[in-house]
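Student: Could you show me how to read pockets, salt bridges, contacts and strand pairing in a model like this one?

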Amino acid sequence: MNPNDETPSSTDEIIICRDVHKWFDDFHVLRGVSLTVKRQEVIVICGPSGSGKSTFIRTINRLEEHQRGQIIVDGIELTHDIRNIEAVRREIGMVFQQFNLFPHLTVLQNITLAPLWARKWPKARAEEVAMQLLERVGIPEQAHKYPGQLSGGQQQRVAIARALAMQPKIMLFDEPTSALDPEMIKEVLDVMRELAQSGMTMIVVTHEMGFAKEAADRIVFFDQGNIVEENTPAEFFRNPREERTRLFLSQILTH
Amino acid sequence: MSSHPAAVVRPPAPPGPVRWLKKNLFSPWYNTVLTVLAATFLFFVLKGVFTWVCFRANWTPVTHSLRLFAAGQYPPEQLWRVGIILWMISFLFGLSGRVWRGTFMVFARGLAIALGALALIPLNLSLLGIGARLWLLANPALVFVGYHVGHTRVGKGRWVLLGWGLSFVLMILLLTGLPAIPWLPPVESGLWGGLLLTFLLAVVGIAASFPIGVLLALGRRSTLPVVKGFCIVFIETIRGVPLVTILFMFSIILPLFLPENVRVDRVLRAMMAMTVFASAYMAENVRGGLQAIPRGQIEAAKALGLNGFQTTLLIVLPQALRMVIPAIVGQFIALFMDTTLAYIVGLTELLTVARAVLQSNSEWLLLDMEVFLFIAAIFWVFTYSMSYASRRLEMALGVGKR
């Protein structure tokens, strides 16, 4: 999506992070990150490993707790109140680097589990939605297999379908293609591209610069626990403002 | 590759029985020697065991005390209650065999064959009367009936489960009796004995220690310091004390703490002791499984909006328990055999019956070999059934494959 063809309704802010800090014991991982995401925006976060980008998106659904600052998701502030946290998590889908499918459940059971238990949907409806999602990610014929019987790319597509089954307002992707063999990366990126075009609000941590160029509205560059630079893809790749960004880009684009 | 199709050769077919023998038993000369030696050794051992069991052994203490081995001092005129319990079990196994198939079907068949064979065993009618034989013979029929009831609308997993639960309560009521019903006079639990008592102790111990053990394991990993502390203290205390001590504590010390008008039944106290003991070990087995669950599984469940209880129930426990099936079943088997220690608090379980039988007749005093072999065989049949069931369960759940 291009920033110029934004509709007026998509201008309100769905995620607001202000001065977010996090420590792992003495290690200061996040050093005052501030970021605002609008509805239907697609944000790509990149940066060297250890820069805190994964930790940052995990604070948005409170898989990691932040120790200072403020995070507001769809009008709800993340605090110690477990009810707020669960409510926010129901609105945020997350896709992990290691898929994290439930190995003891079939593909269909993986996808219907949360709608059945956290949304209390009737079984028929949950299964209908699950089958639609499997069609959407292109593997309806795998519904009754176990995750261990699928390829990595198929597993990650199931994981995306599982997250979408809760009909979330926001999708977080934590290096979704980093654990995949090269020939399977495309099938996952295709699904993500289609999702971005459909108007989903997305935050994607990835090293796939091709995907960033095509699908992102904004690219955010992380280093040493903070945002160094954020810009539109075109500007980001053509005229990086910071020296650190230029160095990073030269390293990942030359090979 | 495709230009040389002939280069792809089918792997050689598995060798036939003769080649298998040659390859595995006779290939170099020293294997032939070993095979011959082992075969000779086996032949003499088996021949010795066979001739002893069939011709030399004197099985009279066993054949003359079948009732004692089955139910101890349970009043003979009330034994029909035990018979009805057996009927219920046969029926339920038939039903479960139809509904759950697999292992249950194997056990249903085994039960029908074993009880049928027992009914027709070539023994003097004074040792096993016509009435008892007919009672036993009804069991295969009830397995059959249960199997066919399984075809009807009752044949649903949850009804069968309910059936097992309800009939367990009914069985206990039958055994204890009710003062209000004239034809069901109370039978003091001190009279229960033999296989009946061994079974009761084991089944109650297993059924109660499993859920308690799971709760203790979860509690030990809790973030609430009080819960965690209690579980650690409980588990470590119980694991640090021998079962015999715990049995003594429950049977002698517990009554001292209770008010005078509260009397806990002797068998019940033994059951409580076994349960407490087994649940501490169960907790540690389950904890091993809990610790093997990758953190990503819990994160994925939380990210989907499941609460802590749902995450534990739907994601963590099914995977953790599946991993520790062998350890849990090992624990069950140990518990089954530990029931013999109940003799220490004056209960006449199977092994105690065996010794009582030996001492009951001066001519039988030297026949301990026969009697204890008989007891060992009974224990072996049941423990082997348990490990067989566990292997089938592992296969059905695809342990190590998914």
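Student: What should I know about the model and its numbering?

Tutor: This is a predicted model, where local features need pLDDT of at least 70 and side-chain atom pairs count only at pLDDT 80 or more, while totals for chains, interfaces and linings use all residues. Residues are numbered from 1 along each chain as its sequence is written, chains are lettered from A and ligands numbered from 1 in the order in which they are written, and side-chain values use heavy atoms, with hydrogens and water left out.

Student: How do I read a pocket, and how much space lies in the second largest pocket?

Tutor: Rolling a probe the size of a water molecule over the atoms shows where empty space is left. A pocket is an open set of points on a 1 Å grid over the protein atoms alone where a 1.4 Å probe fits, with protein on both sides within 12 Å along at least five of seven lines; lining residues have an atom within 4 Å of a point. The second largest pocket holds about 770 Å³, its volume being the space filled by probe spheres set on points joined across faces, edges and corners.

Student: Which residues line the second largest pocket?

Tutor: There are 23 of them, and those nearest the centre are Arg221(B), Ile298(B), Lys302(B), Gly308(B) and Thr312(B). Helix H14 (308-323) of chain B is one of the elements that supply at least two lining residues, and H14(B) gives the most, with seven. Helices (H or I, at least four residues) and strands (E, at least two) are DSSP runs numbered from the N terminus.

Student: How many salt bridges are there over all chains?

Tutor: A salt bridge is a side-chain nitrogen of Lys or Arg within 4 Å of a carboxyl oxygen of Asp or Glu. The count over all chains is 25. One of them joins Lys169(A) to Asp74(A), at 2.7 Å from N to O. Lys169(A) sits in the loop between H5 (152-164) and S7 (170-174) of chain A, and Asp74(A) in the loop between S4 (68-73) and S5 (76-77) of chain A, so the pair ties together parts 95 residues apart in sequence.

Student: What does a salt bridge within a helix look like?

Tutor: Take Asp190(A) and Lys186(A), whose closest N and O atoms are 2.9 Å apart. Both lie in helix H6 (residues 182-197) of chain A, four residues apart, about one turn of the helix. There is also a network of salt bridges linking Lys22(A), Arg58(A), Glu64(A), Arg295(B) and Glu299(B).

Student: Which residues is Asn100(A) in contact with?

Tutor: Contact means heavy atoms within 4.5 Å. Leaving aside neighbours within four places in sequence, Asn100(A) touches Arg162(A), Gly296(B), Gln297(B) and Ala300(B). Asn100(A) is buried, at 12% relative accessible area.

Student: And how does S4(A) pair with other strands?

Tutor: Two strands pair if DSSP finds at least two bridges between them. S4(A) pairs with strand S1 (residues 13-24) of chain A in the antiparallel sense over five bridges, with Ile15(A) opposite Val73(A). Two bridges join S4(A) to S5(A), also antiparallel. These two strands form a hairpin with two residues between them, and Asp74(A) in the turn has a positive phi of about 50°.

Methods
Buried means under 20% relative accessible area, exposed over 50%, partly exposed in between (1.4 Å probe, protein chains only).
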